[in-house]
Amino acid sequence: MVTSYVTPIPDELESADAAPMLCAGITTYAALRRSGAKSGQWVVIAGAGGGLGHIACQLASRGMALRVIGIDDGSKEQLAKDCGAEHFIDITKHDDQSIAEEVLKLTGGLGASAVLVCTASNKAYSQALDFLRFGGTVVCVGLPEGEPQPIGKGYPATLIFKQATITAVAVGNRRDAIECMDFAARGIVKTHVRVEKMEKLTDVFQELKEAKLKGRVVIDLQ
């Protein structure tokens, strides 16, 4: 085994807590770093109460001193706020225009420095550019299912006049993994995790499909 390719898991972490950090944790940490957002700036996290989003909220607010606006279904508001979201917007109570207006209001009329789209929703992608301030960045993380669609409202004029950037991450690197493990070991990030047996896998996927799943599920193969 080549040790330079191995990520050590701290003794303080249970396997169920470490597993999501080596997937969702690395990915969202890399996305936050890619966004270029600096401490004290606003970051919008779409899908803030999901498996990726609730970890992103913690990494952003507690690990990187960013100010977080979480967006998700209203049933996930408490989880998002517990994970560090300073404000929460319920997607079920807004249309495209009013949700953008709410983000602008919360950010003092300027918009967010970055938007992480952690949900597999084409609509979330189409809304994201409206949340940005001048020079802001949208980071693509969630992968929508079905027929591929371009990012709505991604017009050249919008990108030019806003000097906006659209970028993406698939996963992080070994450095990201080690730093994520350290955040978790020190208690800065705590995964909201539920352990289920393999026979419950179909039920878990149904929860995902219905957007009811909060946090992360780890499948116990024993």
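Author: Let us begin with a network of salt bridges, which links Arg33, Arg175, Asp176 and Glu179. This is a predicted model, in which local features need pLDDT of at least 70 and side-chain atom pairs count only at pLDDT 80 or more, while totals for chains, interfaces and linings use all residues. Residues are numbered from 1 along each chain as its sequence is written, and side-chain values use heavy atoms, with hydrogens and water left out.

Reader: What makes Arg33 and Glu179 a salt bridge?

Author: A salt bridge requires a side-chain nitrogen of Lys or Arg within 4 Å of a carboxyl oxygen of Asp or Glu. The closest N and O atoms of Arg33 and Glu179 are 3.9 Å apart, so the pair meets the definition. Arg33 belongs to helix H1 and Glu179 to helix H7, 146 residues apart, and the pair thus links distant parts of the chain. Helices (H or I, at least four residues) and strands (E, at least two) are DSSP runs, numbered from the N terminus. By the salt-bridge rule the count comes to 12.

Reader: Why are Arg33 and Glu179 called partly exposed?

Author: Buried means under 20% relative accessible area, exposed means over 50%, and partly exposed lies in between (1.4 Å probe, protein chains only). Arg33 has 33% and Glu179 has 22%, so each is called partly exposed.

Reader: What makes a set of residues a nonpolar core?

Author: A nonpolar core is a set of buried Ala, Val, Leu, Ile, Met, Phe, Trp, Tyr and Cys residues joined through side-chain atoms within 4.5 Å. The largest such core has 38 residues, of which Leu32, Val43, Ile45 and Leu116 touch the most other members. Helix H1 (15–35), strand E1 (42–46) and strand E4 (112–117) are among the elements that give two or more residues to this core. H1 gives the most, with seven residues. A second, separate core of 21 residues includes Ile69, Val103, Val115 and Leu129.

Reader: Why is Ser113 called buried?

Author: Ser113 has a relative accessible area of 11%, so the residue is buried. Its place is in strand E4. Leaving aside neighbours within four places in sequence, Ser113 is in contact (heavy atoms within 4.5 Å) with Gln41, Trp42, Leu132, Arg133, Gly136 and Thr137.
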